[in-house]
Amino acid sequence: MFYVLSKTIYLVAMPLSWVFILLIFALFTKKKNRRKAALICSILVLYFGSNTYFATKLVDWWEIPAVPLKELNSPYDVGIVLGGMSEGFRKPADRVYTKRGADRLIQAAHLWKNGLVEKLMVTGGYYHFTSSVSGSEAQAMGDLLRQWGVPDSVIIMEHISKNTRENATMCKAMLDSLGYNASTNYVLITSAFHMRRSDACFEKVGIDADVFSTDFLAMKYFWNWWFLFECDASNLHNVTKIIHEMVGMAAYKVTGYI
């Protein structure tokens, strides 16, 4: 129920949803003033959502910045890597299909290879809406880690959780069962835009972890007046991700998840 409700709120809050709502309203309203206002608002939403300058400012403000390796409180006992980087529905199912979030796992493997973490805990399952989906995110990440030379003894898999809240609660339960406690040194590894909500969820369940952001959306542009006029679909995609996280933070706050 919470999943359906959160997705509904998310869809309503998205910039393109508002553009469509405003355009449909403008199409059917009989009053010229309202039609004009709706068209102007739809243009403004589309502009601020896709403009390079404003989109970059928003994303850069929201994302948790990268931490230099030399400043990490390492070595860590466990690096917790959140899913969101593979697709379980693609065929043939004889390989792992990754998407942009794979940087989470690449950076985690880099930390282990450099002796900065002892164990890597991969967490996440798939929503099995159809029979074509098999396995779990954790299994896919574990497969990739093994291909990259990480031994089974280093990998801890939690493959049931379906959202960030469950990532935190199920990782906590598994880590407790394995003998880890409050003195364990953790590092949380996920995308920079997702780190605020993730860190809050893990802190809520009692895992006080350092954060290691990956998979950055924001580009550090030098200033150019042209950016105020440049609009791009990729900017709209990034702004949509940030709004999704903001909505998620608000929903989690209301439900007591953070």
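**View 1. Serine 191 lies opposite threonine 214 of strand S7.** In this predicted model, local features require pLDDT of at least 70 and side-chain atom pairs count only at pLDDT 80 or more, while totals for chains, interfaces and linings use all residues. Residues are numbered from 1 along each chain as its sequence is written, and side-chain values use heavy atoms, without hydrogens and water. Strand S6 (residues 186-191) is joined to S7 by six bridges in the parallel sense; strands pair if DSSP finds at least two bridges between them. Tyrosine 186 has alanine 209 in S7 as its bridge partner. Strands (E, at least two residues) and helices (H or I, at least four) are DSSP runs numbered from the N terminus.

**View 2. Five strands form an open sheet with parallel pairing, in the order S5-S4-S1-S6-S7.** Strands S5 (155-158) and S7 (209-214) are at the edges and have a single partner strand each, so one side of each lacks a neighbour in the sheet. From one strand to the next, the twist averages 25°, with axes fitted to C-alpha atoms and angles between N-to-C directions running from 0 to 180 degrees.

**View 3. Helix H8 (residues 195-204) packs on the sheet.** H8 touches strand S1 (76-82), S6 and S7, contact meaning heavy atoms within 4.5 Å. The direction of H8 makes about 145° with that of S6.

**View 4. Helix H6 (residues 137-147) has buried residues including Met141, Leu144 and Leu145.** Buried denotes under 20% relative accessible area (1.4 Å probe, protein chains only). Among the packing partners of the buried H6 residues are helix H5 (103-113) and strand S4 (117-123). Glycine 149, with a positive phi near 95°, follows H6.

Key. Buried means under 20% relative accessible area, exposed over 50%, partly exposed in between (1.4 Å probe, protein chains only).
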